[in-house]
Amino acid sequence: MAQGRGNATAAGTRGEKNAPALTTAAPCGCAASGAATPAHKHTPRSDELKKSVTCRLNRAIGQLNGVKAMIEDDRYCGDVLTQLAAAESAVKAVSRMVMHDHLKTCVVERIQQGDTEVVDEVMDLLRKFGA
């Protein structure tokens, strides 16, 4: 398994308490092919990643609130667009961080388990981000 991720429990939920047992355990918490899965996929993340993502999201939220106030105050369009670009950049940075973590953990684990279908998932994700 990749560093920073726990092994699947007997219930196949990677340590979730009181979670329903799965018929086939997903190695990383991502969807297991053909297996019963919980309503939401569970992917434990490092405290460092959570803190960094939260900080960046809070910054983007602040920027978007600033844009909203600028619109309400009839501020100059160029200034509004500059702030929108900054907010978009902040959100893209978060996306890159989460993608990097996903590739290093979930994707590596699934490939190590022989699940190459994850490559198609990654390609779909990259298309969503314009890659």
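Of the 131 residues in this protein, 28% count as buried, meaning under 20% relative accessible area, with exposed set at over 50% and partly exposed in between (1.4 Å probe, protein chains only). The model is predicted, so local features need pLDDT of at least 70 and side-chain atom pairs count only at pLDDT 80 or more, whereas totals for chains, interfaces and linings use all residues. Residues are numbered from 1 along each chain as its sequence is written, and side-chain values use heavy atoms, with hydrogens and water left out.

The protein has 3 helices and 0 strands; helices (H or I, at least four residues) and strands (E, at least two) are DSSP runs, numbered from the N terminus.

I turn now to the salt bridges. A search of the whole structure finds 4, each defined as a side-chain nitrogen of Lys or Arg within 4 Å of a carboxyl oxygen of Asp or Glu.

One of them joins Arg 110 and Glu 121, at 3.1 Å from N to O. This pair links distant parts of the chain, with Arg 110 in helix α2 and Glu 121 in helix α3 (residues 118–128), 11 residues apart. Salt bridges with shared partners connect Arg 110, Asp 115 and Glu 121 in one network. Between Asp 115 and Arg 110, the closest N and O atoms are 2.9 Å apart. Arg 110 is buried at 5% relative accessibility, and Asp 115 is buried at 17%, while Glu 121 is partly exposed at 23%.

Another salt bridge pairs Lys 92 with Glu 88, at 3.5 Å between the closest N and O atoms. Both residues lie in helix α2, 4 residues apart, about one turn of the helix.
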